[in-house]
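Have the structure open as you read.

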Amino acid sequence: MALGRREPSDLTNASVGPLWFVEGLLIFSIAYALVRLVAQRFLPSGPSDRQPPGVPRNRSMALFAIGVGLVTFVVRIWAPMGWSWEPPHLELAHFPQYTAMFVVGLVAYRGDWLARLTVAQARPWRWVALAFVPLFPLLIVAALTPSGEISSAMNGGLTWLSLAYSMWEGVMCVAMSITVLVWFRGHLNHQGRLARAMSGAAYAVYVLHPLVIVPLAIALSGLQMPLPLKFVLVTPFAVALCFTVGYYVRKLPFVRNVL
């Protein structure tokens, strides 16, 4: 199997599915473990009472968001959206954001940022996110060709559309993360019995849901009704079925340690 662009006939198209995200997290986790191993072996250990990193100021967060956007733009010069590295089947165009947020997550955990980030500091990012939402359809309109199709210039390369979209993604990545995390911390910070059971089965649902959704879609393919109506009627049942399967699968011996 040749490395490079994914071909329609490539069997890897049907072999990865949503588990590409788990593959990416596994790569990040292995890299992190290796870095920790090397650091512990070759770097002098610091004082045990070292203070964890404090929550960065909004200016630093803004510079980080801009940096993520610029690095994304540079990566997409050679690896535009829609291009996958085979055989790992990874779309590298989004990995600058994934890598940056993974590293930030490690630092945020050590510094307890999710608890220490104030509502007042997060408030400007809410307005940034709201301001950036209508910019996306404007980018789509700007990318339209005379024939009404979306230009591939938005996907990558040395184009202003690729730069604009990369910067939009970088800023929205940071703004939405801060906004949603602080909002959930203040308004959805409790669980009932059902929510606790569902959250415990969430990873199992992520891994197993194609085994539920695909047969369900095939079984209901003959149901004649408008697609939006079918979606509204079937989605609650599909979600409930996925979480029910995930909940009971995790009760099997040894499965709970994996899922």
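## Where α2 meets α7

Start with the contact itself: on the α2 side you'll find M61, F64, A65, I66, V68, G69, L70, T72, F73 and R76, and these touch S162, L163, Y165, S166, M167, E169, G170, V171, V174 and I178 of α7. Sorted by class, the residues of this α2–α7 contact come out as 13 nonpolar, 5 polar and 2 charged. Keep in mind that this is a predicted model.

Now for the geometry. Two packed helices are described by the angle between their axes and the distance between the axes. Helix α2 covers residues 58–78 and helix α7 covers residues 160–187; their axes are 8 Å apart and the packing angle is about 140°. That angle makes α2 oblique to α7. As for handedness, α2 and α7 cross in a right-handed way.

## α2 against α5

Helix α2 also packs on helix α5 (residues 119–132), here at an angle of about 35° and with the axes 11 Å apart. This crossing of α2 and α5 is right-handed.

Which residues do the touching? From α2 come N58, M61 and A62, and from α5 come Q121, P124 and W125. The α2–α5 contact holds 4 nonpolar and 2 polar residues, with no charged ones.

## α1 against α3

Next, look at helix α1 (residues 20–42). Its axis and that of α3 come within 11 Å and cross at roughly 55°, so α1 and α3 are oblique to each other. The crossing of α1 past α3 is right-handed.

On the α1 side, the contact uses W20, G24, L25, F28, S29, Y32 and R36, while α3 brings F95, Y98, T99, F102, L106 and R110. By class, the α1–α3 contact has 8 nonpolar, 3 polar and 2 charged residues.

## The largest pocket

How much space lies in the largest pocket? About 460 Å³. Its lining is made of 19 residues, and the ones nearest the centre are M101, V104, A108, W113 and I178. The elements giving two or more residues to that lining are α2, α3 (95–111), α4 (113–116) and α7.

Helix α7 gives the largest share of the lining, with 6 residues. The lining divides into 15 nonpolar, 3 polar and 1 charged residues.

## Two backbone spots to check

What is the peptide bond from E86 to P87, cis or trans? It is cis, with omega near 5°. You'll find P87 in the loop between α2 and α3.

The other spot is D112, which has a positive phi of about 55° even though it is not a glycine. D112 sits in the loop between α3 and α4.

## The whole protein

Zooming out, the secondary structure amounts to 10 helices and 0 strands. Read from the N terminus, the elements run α-α-α-α-α-α-α-α-α-α. Taken along the principal axes, the C-alpha atoms fill a box of roughly 65 × 55 × 45 Å.

Definitions and conventions. Residues are numbered from 1 along each chain as its sequence is written. This is a predicted model: local features need pLDDT of at least 70, side-chain atom pairs count only at pLDDT 80 or more; totals for chains, interfaces and linings use all residues. Side-chain values use heavy atoms; hydrogens and water are left out. Axes are lines fitted to C-alpha atoms, for helices over the stretch in contact, and angles run from 0 to 180 degrees between N-to-C directions. Helices (H or I, at least four residues) and strands (E, at least two) are DSSP runs, numbered from the N terminus. Angles under 35 degrees count as roughly parallel, over 145 as roughly antiparallel, 65 to 115 as roughly perpendicular and the rest as oblique. A crossing is left-handed if the near helix is turned anticlockwise from the far one by less than a right angle, and right-handed if clockwise. Contact means heavy atoms within 4.5 Å. Ala, Val, Leu, Ile, Met, Phe, Trp, Tyr, Cys and Pro count as nonpolar, Asp, Glu, Lys and Arg as charged, and the others, Gly among them, as polar. On a 1 Å grid over the protein atoms alone, a cavity is a set of points where a 1.4 Å probe fits but cannot get out, and a pocket is an open set with protein on both sides within 12 Å along at least five of seven lines; lining residues have an atom within 4 Å of a point. Grid points are joined across faces, edges and corners, and a volume is the space filled by probe spheres set on the points.
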